[in-house]
Amino acid sequence: MGTINPILESDKDGSYLFVAYDGGMTTRVITRPHCAFAYEITIQTEHPQIIPLRTQRPPAHFHPYQCEYVEILEGRMGLEKNGCDRVLTPEDGQVRIEPWTIHRLFPPPPAQAWEKTQQDDETGGGITKFILSGEDTAELFKLDTIFFQNWYGYQDEVAKGRTRMDLIQVMCMFDAGGSYLAAPLWVPGGRQISRAVGIAMGRWLGAIFGYQPFYRKWTTDWSSACDKMDESYFQRKFADRTKMD
């Protein structure tokens, strides 16, 4: 498997899923009341495409309009919230991330011998499985499946060396997902400044230079993606419902 399959596949129980990192990460779409999205994500922590990510962290960011929820089912996952790190395990239950909270999920360091659980012994410690969900909002640009398909698809291509990580592309995609890269915590008014810069650079300037928030090759519901882009004067030129990448 290469990038995220543009056609959501069905697994044995009829649920839809998409795959990235050559099978290293599988995302199964599930249903949760009042959620804009809900996924059961399985990461094969010893997969060759995943191992290099152990030393990397995604950008610290925040969502002004949505609460996000993380629940670890198997394994461990790092969470940074407002500059403080913690390692989440199944014992933590569902963890709530409030709007405007600067955060990021990241692979934790390998468990030391005294930290390993019975579950690690049974699975070999090679799987992290968790539920990621977020509340719905009336905002058009928000965290949803259209955003995640494109964001994971882009990361997948970067990991395989097919493209490079481009800050403006990241800001363009994040803005379309109601998300903004965070300024350092010590910056006065940093969140408001970050949001303004994200919109100006990602949505306006990015569109002028040809950066799209969504791409046909990664998006199953292209019509809805076009509806979103149609609402932006700068991005509506990308809303071509006949386009095939």
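Is Glu-98 buried, exposed or partly exposed? Glu-98 is partly exposed, at 38% relative accessible area. The class runs between buried (under 20%) and exposed (over 50%), using a 1.4 Å probe and protein chains only.

1. Basis. This is a predicted model, where local features need pLDDT of at least 70, side-chain atom pairs count only at pLDDT 80 or more, and totals for chains, interfaces and linings use all residues. Residues are numbered from 1 along each chain as its sequence is written, and side-chain values use heavy atoms, without hydrogens or water.

2. Total. The whole structure holds 18 salt bridges. The criterion is a side-chain nitrogen of Lys or Arg within 4 Å of a carboxyl oxygen of Asp or Glu.

3. Arg-96 and Glu-98. Their side chains form a salt bridge, 2.5 Å from N to O. Arg-96 is partly exposed, at 39% relative accessibility.

4. Glu-157 and Lys-217. The closest N and O atoms of this salt bridge are 3.4 Å apart. The pair links distant parts of the chain, 60 residues apart: Glu-157 is in helix H2 (residues 145-159), Lys-217 in the loop between helix H4 (190-208) and helix H5 (222-230). Helices are DSSP runs (H or I) of at least four residues, strands (E) of at least two, numbered from the N terminus. Glu-157 is buried at 13%; Lys-217 is partly exposed at 34%.

5. Network. Shared partners join Arg-57, Glu-80, Asp-85 and Arg-104 into one salt-bridge network. Within it, Arg-104 pairs with Glu-80, with the closest N and O atoms 2.9 Å apart. Arg-104 sits in strand E10 (residues 103-106) and Glu-80 in strand E7 (residues 77-81), 24 residues apart. Both are buried.
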